[in-house]
Each structure stands twice: as structure tokens, then as C-alpha cells.
Amino acid sequence: MSGPDADGERRIVSDAAGVVVLGTCAAWSLVTAAVHDGRPEGVLLAVLAVAAGYAAGRISGALLPVGAPFAGALAGIALTVAVPHLAPGPQIAAPLGHAGATAAVLTLSAGAACCAAWAAPVPAVRFALRLLAAGTAVLAAVLGSTTGLVTCLAVLVCSLAAGRTRHRGAGMAVLAAVAAAVTGLVWAVAAQAVPGGFLAALEGRLTPHRVRLWQDAWHLLGDDAALGAGPGRFGELSTTSAKSLLSDGKPHSAPLQQAAEQGIVGVILLAAVFGWVLYALWRGPRPTPVALTAGAALTALAAIAAIGNALSFTAVSVGAGLLAGMATARPFEPSSRTPEAQARGAGRTPAW
């Protein structure tokens, strides 16, 4: 099967997979909460935010393939400038840290600007949109987010390289490997399976407090690997979190938080969500540079979330879903209209 029918079938499969994965995430959080008297509201809100953002992205990306991601990039930049402290409550170390919401929002903004650049037909507009993406890196540097600076530049470089990539499947495989490598490193640190010198260097960069939070999450996983401790219960069970007056009750790592609160199944479901997004981009109708650019931005977000609490913010979850939706939307084209609509647009009656 080839042509529009095959494309429509692939879209149905990817959309159905997304519904199943997100629905299972919500259901599993309710199961683990019921077993351990947890609080699944945070997980349910995150699932709803991703789903709503994805739906809005699909609609806006189909109507405005250039304008929608451009508006999304401007919205992310405006949010970062207008609300410099996106995190509610007291923070550990610097507000948003080097791997917090600022880096995440600016990275998604850079990805949206680059996607808009590839969708723009005019070279001058493409150049202006890439300047906007470079501006997000400058803004990250001004705000003191080193991670945001690195990830925004990485997204811009990957977007430029995507123009020379013919096989998007290989690119998606590389992105998946990068996300797996970062997550594996975080798990190794939590399990104290890295050399002492390397661990000391990481503690100097990430603070010893965060590393101890990771280790607490690892110990909670060992207590109940199947179900975890229950959603929202890390703060009350973590020794490090309980002793800190500035703790937000989170281990500052999305994979480790899933492991500690929802067990191995929760980690698998989190990986399944990321895998579904890459699959949707791989099988999506947009050009390869657009798909790989969005994939690079979302992979950078996954790396940020692996070492920080970026996914604890609704704005980040909505932005991730929005970017994924816009990068998988099929733009409406004049050729896709019915013969009657085309005839009316030409000022004549249909031939039939």
C-alpha cells in the first residue's frame, strides 16, 4: 500500500498508539496510588497537558505550518522573560537550576523556530527564524542557564544537519540512543556505579543534594520494584528531602521519580511515551528536516528532564505536546480540496 491511503493508515496507527500509551500512564498512576495511598493528580495533569498540547499542535500545525511554530517559539520566549521564576515555591540552588524549566522552555522554543524555518518557503524568512532560534540560546546565556545555552545550540545545529539527512529513521534511532545514554548515566550515579572521581565531579556540577535525592529514589525503587512507593510520596519517604527546608518533594529526575513512585512499569511507560513521539515523527507526513528538528528538541528536553524537574511544570508538558503535534500535522493544501471547492476557487462551476 502506498500513497494517501498508506499515509492515513500510518497516522491512525501512531495516533492509536499514543492514546494507548497515555491512557496506560494515567491508569497505572491510579493503580499505584490506590495500592500505596498516593496522590496521582500530578501524573494525571501531566498526561492531560501532553494530550491537549498534542491535539492543539496537530490542529494549528495543519492550518498554519509556519505561523503556528513561530507563534509557539515567541510564546515560549515571552513566558521565560515575563516569568523568570517558573518554579512555584522555594528552590534548591538557583531558581530553575541549570536543568530546569527555563532550559526546557527555551529548548522547545528553539525547536519550534527551527521547524518554522524549514516550513517557510522564502529563504529570507528561514534565515530570520533561525536567527530567532539562535536568540533563544543567547537569552539562555543571559538568564544564566548553561544547560539551556547548550541545548538550544544543539537543537540549532541538529536542525541544520537535518537538511542533509535523507533517512529519518536512522536519525530517530540516534536520538533515542542519546536519550537512553543520558538516562543510563543518571541511573548509574543513583546506584553509585560510577568511579568516585566522576561522582565528585558531578556533585560539584549538580550539587551533592541532588545526587543524594537520586540515591534516595534508587533505594525506594529497591523497596518495591513492581509498584513503587506511590505517586507523590517521594517527598515524605526521602530522607534527604525530609531534612531539607527548601525541598520541593521531588528527586529532580523524571526517570528516577517514575521508578521511585511507580516502579519499573512506570519507567517503561515513560520510555514508551518518548518512543511513541519519535515513532509519530518518523511516520509523520512532514518533511524529514522538520521531523528531525522536533525530535532533536524533544530529545534535549528528555535529557533535561533526566537531570532536573522540568516535567513538573505544566507549561513544559504542554509545550512538548504542542511541538510534537505541529511536527506531525499534515498541512492543508489546495490540492487536497474537493473538485467542487477547487472549481469554486477558480471562479467556475464544477465540470461534473
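A helix, as the word is used here, is a DSSP run of type H or I with at least four residues, and helices are numbered from the N terminus. The structure is a predicted model. Its protein has 15 helices and zero strands. Of the 352 residues in the protein, 48% are buried. Among contacts between residues at least 6 apart in sequence, 78% join residues at least 24 apart.

**Annotated transmembrane regions**

- An unreviewed UniProt entry carries the annotation "transmembrane region" for residues 12-31, 43-64, 70-87, 99-120, 132-158, 170-190, 263-282 and 289-307.
- One of these spans, residues 12-31, is 100% helix and 0% strand, and its end C-alpha atoms lie 28 Å apart.
- Another annotated span, residues 132-158, is 89% helix and 0% strand, with 15 Å between its end C-alpha atoms.

**Ser14 in helix 1**

- Ser14 is found in helix 1, which covers residues 4-36.
- Ser14 has a relative accessible area of 5%, so it counts as buried, the cut-off for buried being under 20%.
- When neighbours within four places in sequence are left aside, Ser14 is in contact with Trp276, Tyr279 and Ala280.

**Thr147 in helix 6**

- Thr147 belongs to helix 6, residues 146-162.
- The relative accessible area of Thr147 is 16%, and therefore this residue is also classed as buried.
- Thr147 and Thr107 are separated by 40 residues in sequence, while their C-alpha atoms are 9.5 Å apart in space.

**Packing of helix 2 and helix 14**

- Two packed helices are described by the angle between their axes and the distance between the axes.
- For helix 2 (residues 41-63) and helix 14 (residues 314-328), the angle is about 35° and the axes are 6 Å apart.
- The crossing of helix 2 and helix 14 is right-handed.
- On the helix 2 side, the residues that make the contact include Leu45, Ala49, Gly53, Tyr54, Gly57 and Arg58.
- On the helix 14 side, they include Thr314, Ser317, Val318, Gly321, Leu322 and Gly325.
- Sorted by class, this contact of helix 2 with helix 14 has 10 nonpolar, nine polar and one charged residues.

**Nonpolar cores**

- The largest nonpolar core has 59 residues, and the members that touch the most other members are Met172, Leu281, Leu298, Leu301, Val316 and Leu323.
- Helix 4 (residues 101-119) gives the most to this core, with 12 residues.
- Met172 touches Leu278, Leu281, Trp282, Ala291 and Leu292, if residues up to four places away in sequence are not counted.
- There is a second, separate core of 20 residues, and among its members are Val189, Phe234, Val267 and Ala306.

**Loop residues with positive phi**

- Gln192 is not a glycine, yet its phi is positive, at about 55°.
- Gln192 sits in the loop between helix 7 (168-190) and helix 8 (196-206).
- Gln192 counts as exposed because its relative accessibility is 54%, and the cut-off for exposed is over 50%.
- Thr207, likewise a residue other than glycine, has a positive phi near 80°.
- Thr207 lies in the loop between helix 8 and helix 9 (208-223).
- With a relative accessible area of 25%, Thr207 is partly exposed.

Terms used: Residues numbered from 1 in each chain as written. Predicted model: local features only at pLDDT ≥ 70, side-chain atom pairs only at ≥ 80, totals over all residues. Heavy atoms only, no water. UniProt positions renumbered as here; feature names shortened; annotations may be inferred. Helix = DSSP H or I, 4+ residues; strand = E, 2+ residues; numbered from the N terminus. Axes fitted to C-alpha atoms, helices over the stretch in contact; angles between N-to-C directions. Left-handed = near helix turned anticlockwise from the far one by under 90°. Contact = heavy atoms within 4.5 Å. Nonpolar A, V, L, I, M, F, W, Y, C, P; charged D, E, K, R; others polar. Core = buried A, V, L, I, M, F, W, Y, C linked by side-chain atoms within 4.5 Å. Buried < 20%, exposed > 50% of the residue type's maximum accessible area, 1.4 Å probe, protein only.
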